[in-house]
Amino acid sequence: MPHSRRILTYAIAAAAAATAGFAFPSGATAAAPRAATSDFNGDGYADLAVGVPDGTVSGRAKAGYVNVVWGGPRGVGAHGSIRVTQATPEVPGTPETGDRFGASVTLTDLNGDGIAELLAGVPGEDVTDRGTDAGMVIAVGGSKNGPSSGSTVLTGRSPSDAYGTSIAAADLTGGGNKTIVIGGTDKVVARVIVGEDSMVTTVVAAPMGGRAPVLATGDFDSDGTADLAVAYWTAGDPNTQSHVRLWKWDADRSEMANFWNTDNAGVTALAAGDFDGDGHDDLALGECREIADENIDDPCGPEKLAEGGGIHIHYGSPASGSFGTRAQTLNQDTEGVPGVAEDGDRFGAALAVADINRDGRDDLIAGAPGEAIGSKARAGAAWLLRGGAQGLLDVNGAARSVAWNQDTSGVPGVAEAGDAFGAAVAAGDHNADGVPDVTVGSPDENASLGAVWLLPKGSAGGSAAFSPRTLGLPYLSTAQKYGKPLSSR
């Protein structure tokens, strides 16, 4: 259905925002930017956003919704949740078949007021004068009483643009305001806020094989301002494309500038973190495989470590050095990583970062939704890979890690074929005890109804599971695939 866009103008810093359509929720001040938070209701606990793009809303199949699950003293999943849809009064648009609201989700504090905003991708949205599946991204403000005012961030320009297949947000300009980065069909664009002005710029346009471009943010050049990592690939003559590229804001040209590449690498996930604790951000490439097969630069490390899915890490360097000159690669055949690398495991298909043991070095959470548990194909598993002085591997090339699946002692449920446990992972301090917790999605659990597992402090002890059924959400017999994507910080 054609969508009449409703765009709200908010205040940025102390000035009225005369932007071209979108700015951030009211109440922003000139205070220094705060760390990102996923606290959507301002109660001090990190919340979890679960995208359910296959969910039925108002009788419309795959209209989609986002479930914001509240954190609290008992963690996430034990304190209720809210369901945000295009039928929610504050949210622009109307639920329509195939909209897929929630195909990508991010909870992030856009204006530094301590309360997160929800960014939701709607790649199947039909837009007036722009066509079928032009797609859009919607921002919904948080508040102590639930959703506050919402707005349209950006809509696709043409049919099948599918804006909102992926989303990221960070202060890429160094001005204290977030840039919202949007992935669509064969394109990545950014809505950039610079002072009181807003602009839309194309970051990259290239064949992407019909996949959502993979996005992550981190300070990869060590200049104190966040940069953007973009991964995309398509295989097939004569247009084989496979890249992981880093971009930074060029203030003189008012556009994103590419400053680092690794070619021939196809990846499913990216994650930024300081895994060796040297103060410089590193970049993990999940389920990395060589696409062009040119054997030029081994973009994913030794070929034998790509079996079953490999994780390849490029390490940051001081500002005087070069990003990525030091690298490590691991898979399930690496010493210290439980399991055995097998075709189809998809090790690293989902990644998240948190310093679980609070040692000043980030840890990496990795999902492998294709992992077989015994004879149960595609039951899925997840790993916590510990950071250390040398990164995720020690001086002997060994990892320090623990693995979980639904047959792990203390983890609720039973591993079953096709559950896809580990298809999504996230981390956030959901009980505000100072230690991040891990959440793992299993979208094909219970005939694809889906569910999410909470692993407090990154441990099976005290773990719990929740689903649309346990949270009292409306659901039908149709597959909801609850549990992918996830967003928390």
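Biologist: Which residue in S31 stands opposite Val50?

Modeller: Strands are DSSP runs (E, at least two residues), while helices are runs of H or I with at least four residues, and both are numbered from the N terminus. Here, the residue facing Val50 is Leu486, which belongs to S31. Before we go on, note that this is a predicted model, where local features need pLDDT of at least 70, side-chain atom pairs count only at pLDDT 80 or more, and totals for chains, interfaces and linings use all residues. Residues are numbered from 1 along each chain as its sequence is written, and side-chain values use heavy atoms, with hydrogens and water left out.

Biologist: How many bridges join strand S3 to S31?

Modeller: Two strands pair if DSSP finds at least two bridges between them. Strand S3 covers residues 48-52, and two bridges connect it to S31, with the two strands running antiparallel.

Biologist: What is the order of the strands in the open sheet?

Modeller: Follow S5-S4-S3-S31: that is an open sheet of four strands with antiparallel pairing. Strand S5 (81-84) and S31 each have a single partner strand because they stand at the edges, so one side of each has no neighbour in the sheet.

Biologist: Now to charges. How many salt bridges are there?

Modeller: The general idea is that side chains of opposite charge can pair when their charged atoms come close. A salt bridge here is a side-chain nitrogen of Lys or Arg within 4 Å of a carboxyl oxygen of Asp or Glu. By that rule the model has 11 salt bridges.

Biologist: Which residue forms a salt bridge with Asp54?

Modeller: Arg100 does, and the closest N and O atoms of the pair are 3.4 Å apart. Asp54 sits in the loop between S3 and strand S4 (65-69), and Arg100 in the loop between S5 and strand S6 (105-108), so the pair ties together parts 46 residues apart in sequence.

Biologist: Is Asp54 buried or exposed?

Modeller: Buried means under 20% relative accessible area, exposed means over 50%, and partly exposed is in between (1.4 Å probe, protein chains only). Asp54 is buried because its relative accessibility is 12%, whereas Arg100 is partly exposed at 31%.

Biologist: What is the partner of Asp444 in a salt bridge?

Modeller: Arg378 is, and their side chains meet at 2.8 Å, N to O. Asp444 is in the loop between strand S28 (437-442) and helix H1 (445-448), and Arg378 is in the loop between strand S24 (363-368) and strand S25 (381-385), so this pair ties together parts that are 66 residues apart in sequence. Asp444 is buried, with a relative accessible area of 15%, while Arg378 is partly exposed at 37%. There is also a salt-bridge network, which links Asp221, Asp223 and Lys248.

Biologist: What does phi tell me, and what is the phi of Glu287?

Modeller: Most residues other than glycine have a negative phi, and most peptide bonds are trans. Glu287 is not a glycine, yet its phi is positive, about 50°. Its side chain also meets that of Arg346 in a salt bridge (3.1 Å, N to O). Glu287 lies in strand S20 and Arg346 in the loop between strand S22 (326-330) and strand S23 (350-354), so the pair ties together parts 59 residues apart in sequence. Glu287 is buried, with a relative accessible area of 11%, and Arg346 is partly exposed at 33%.

Another positive phi, of about 65°, belongs to Ser160, again not a glycine. Ser160 is in the loop between strand S9 (150-155) and strand S10 (166-170), and it is partly exposed, with a relative accessible area of 44%.

Biologist: Is the peptide bond from Lys484 to Pro485 cis or trans?

Modeller: That bond is cis, with omega near 5°. Pro485 lies in the loop between strand S30 (464-466) and strand S31 (486-487).
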